[in-house]
Amino acid sequence: MAARKPAPPSDAEVAAALGPTRSLWDDLRRQLAEDAAPLNEDWVCSGAKHGWVLRLKRKDRALLYLKPLEKYFRASLALNPKAVALARARKLPAKALRMIDEAVQYPEGRAIRIEVRGPADAKLARQFAAVKLDA
């Protein structure tokens, strides 16, 4: 008999985990919903080791994944070669370009992971999502 998958986290559990970064979480989701309308959100579990992540999708395309952690959250996405070229053309901040250069290359693209602990990190996640949208 297969083990039963746990339920996704409740809003209260997410809020408790995020602590002071909850407002950044909510603001980023709201901004991306405006930038990429219509945007769908769904919780996906990638196994006991990795837990639940909130996937933000536009149509069938995953835009950004948000993982609540202890007092911060991680925003992650994959940039294909076209998105990487666009990011370089837009002259994103040096930190963003370093992240692209150091990212692990997977078949779906370069894996970008941003630990969102403050407004500058949330802004960077939004900039990366905008590049992915336009690529």
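User: Let's start with K95: at 41% relative accessibility, what does it count as?

Analyst: Buried means under 20% relative accessible area, exposed means over 50%, and partly exposed is in between (1.4 Å probe, protein chains only). At 41%, K95 counts as partly exposed. Keep in mind that this is a predicted model: local features need pLDDT of at least 70, side-chain atom pairs count only at pLDDT 80 or more, while totals for chains, interfaces and linings use all residues. Residues are numbered from 1 along each chain as its sequence is written, and side-chain values use heavy atoms, leaving out hydrogens and water.

User: Which residue does K95 meet in a salt bridge?

Analyst: A salt bridge is a side-chain nitrogen of Lys or Arg within 4 Å of a carboxyl oxygen of Asp or Glu. Here K95 meets D121, at 3.5 Å from N to O. K95 lies in helix α4 and D121 in helix α5, so the pair ties together parts that are 26 residues apart in sequence. D121 counts as buried, at 14% relative accessibility.

User: And how should I read helix α4 itself? Which of its residues are buried?

Analyst: Helices (H or I, at least four residues) and strands (E, at least two) are DSSP runs, numbered from the N terminus. In α4, residues 94-102, the buried ones are A96, M99 and I100. They cover an arc of only 100° around the axis, which puts them on the same side of α4; that arc is taken from the directions from the helix axis to the C-beta atoms. A94 and E102 are exposed on the other side.

User: What do those buried α4 residues pack against?

Analyst: Contact means heavy atoms within 4.5 Å. The buried α4 residues pack against β4 (73-79), α3 (81-89), β6 (109-116) and α5 (119-134). In β4, six of the seven residues are buried.

User: How many bridges join β4 to β6?

Analyst: Two strands pair if DSSP finds at least two bridges between them. β4 and β6 run antiparallel, joined by seven bridges; S76 stands opposite R113 in β6. β4 also pairs with β3 (residues 61-68), again antiparallel, over four bridges.

User: Which residues touch the most other members of the largest nonpolar core?

Analyst: In soluble globular proteins, nonpolar side chains tend to be buried together. A nonpolar core is a set of buried Ala, Val, Leu, Ile, Met, Phe, Trp, Tyr and Cys residues joined through side-chain atoms within 4.5 Å. The largest one has 36 residues, and those touching the most other members are L64, L66, F73, L79, I112, I114 and F128. α5 gives the most to this core, with seven residues. Not counting residues up to four places away in sequence, F128 touches several residues, including A96, M99 and I100.
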